[in-house]
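The following note sets out some points for a colleague who is reviewing this model. Please read them alongside the sequence and coordinates.

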Amino acid sequence: MTATSTKPTPDCAVGFATAAARWARLGPYYAMFPISFAQDAVARFTQPGELVLDPFCGRGTVPYTAMVAGRDSLSCDINPVAWVYAATKTAPAPDPDTVKGRIGEIAQAVSPEDRQPRSEFQTLAFCGTVLGFLHAARRELRWRHDATDRTVAAFILHYLHSKIPQGLSNQMRHCRAMSPDYCVRWWNDNGYKKPPEVDPVSFLNARVNWRYRKGIPGNSHSARVTVALGDSASDLGPPTNPARLVLTSPPYSGVTDYKADSWLRLWAIGEGPALPKWDSKQKYVDLTAYRTMLRQVFEATAQRAHPDAAWLVRCDARERTFDIVLAKLAEVVEGREIDVSPAPFRRPTQTSLYGDRAKKPGEMDLLVYPRRRDT
């Protein structure tokens, strides 16, 4: 059988009228591909009940769209913030009242010491009530093991920083945390010398009510979803059956660094320090390390994919990323033809929000078509 022409599930990428659409956007994240891109690929190359695999799943767009379309999924990400988003949107706590109850318990656990800022950044970023709540949440939430705590963590992370009054913070970007020194200078220079007073309980409860108002994402096909936290080379886990579609976007060499991009959200769930410690290792500037990482992850992925599976890999068009990704993909698909097509940016990129006005080379889609199979 060739690639299917099934119409993609329509309600994830447009509006907020359904539960599927409302939960699809949970989790602001730096560097992510569009929901419609994932929907189209899942519908084109798989049938209900088949497995979709994403070893670099980020905020969970691929496992989520696969689940909504009735496909099984196996995915992984090394970033705890990404994992909280992906694991929550594919399996949120079922009862919003339980989630709001847990938010209240965290507020009750706040101590006077929790309200005290540890740096100038914290003084200007969050009012004392919010800061106290965040310190208590870091201490109290067991988000790795408890679905309710994980869901609360996802709401905190989603609204941790944003434009006033859309988040818990002083005026900040939504997807990516800037450096604390930059933030302090910007706030002082632009008249934001005092953070807004926000009651985190009422603020978060209102967002819980909105997110759950249409229910939680349905899964009428009983799709099985596995989202692993860790390195995909070793932590991807066993598949339910060989994947018929590998759909992913690996880190771009020299561009993305999850520890730097998510440093404030990592702190908020107890996975990082209160002020970032910069390290270029996760940015994959070292091309030898980048090649090794991709080879190991692609090999682990290929072991879990059907020999005739489709592979669709979106990558940076810059040579330093594109050439390596193409070469490593060619190694694991063993002589199968790779169709290369440009995926130009149709809107301003996320990097343009941070003062980068240079013309971008765009992205490339590397597609290995599925071999013909019997129906």
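1. Cover of H5. The model is a predicted one.

2. The buried side of H5. The residues of H5 that count as buried are Val 99, Arg 102, Ile 103 and Ile 106. They lie on the same side of the helix, because the arc they cover around the axis is only 105°. An α-helix has 3.6 residues a turn, so residues three or four places apart point the same way.

3. Asp 97 and Gln 108 are exposed residues on the face of H5 turned away from its buried side. The N-terminal end of the helix is capped by Asp 95, which has a side-chain oxygen 3.1 Å from the backbone nitrogen of Asp 97.

4. Lys 328. This residue belongs to helix H15, which comprises residues 319-333. Lys 328 has a relative accessible area of 12% and therefore counts as buried, the cut-off being under 20%. Its side chain forms a polar contact with the side chain of Glu 331 at 3.3 Å. With neighbours within four places in sequence left aside, the residues in contact with Lys 328 are Arg 291, Leu 294, Arg 295 and Phe 298.

5. Cysteines. The number of disulfides is zero under a criterion that requires two cysteine sulfur atoms within 2.5 Å. Cys 12 is buried, at a relative accessible area of 1%. Cys 183 is also buried, and its relative accessibility is 6%.

6. The chain as a whole. The secondary structure consists of 15 helices and seven strands. Of the 375 residues in the chain, 54% are buried. When contacts between residues at least 6 apart in sequence are considered, 77% of them join residues at least 24 apart. The accessible surface of the chain is about 16600 Å², and carbon and sulfur atoms account for 49% of that area.

Terms used: Residues are numbered from 1 along each chain as its sequence is written. This is a predicted model: local features need pLDDT of at least 70, side-chain atom pairs count only at pLDDT 80 or more; totals for chains, interfaces and linings use all residues. Side-chain values use heavy atoms; hydrogens and water are left out. Buried means under 20% relative accessible area, exposed over 50%, partly exposed in between (1.4 Å probe, protein chains only). Helices (H or I, at least four residues) and strands (E, at least two) are DSSP runs, numbered from the N terminus. The arc is that of the directions from the helix axis to the C-beta atoms. A polar contact is a pair of N or O atoms within 3.5 Å; within protein, one must be able to donate a hydrogen and the other to accept it, and residues adjacent in sequence count only if both atoms are side-chain atoms. Contact means heavy atoms within 4.5 Å. Accessible areas come from the Shrake-Rupley method with a 1.4 Å probe; for residues, only the protein chains shown count as cover.
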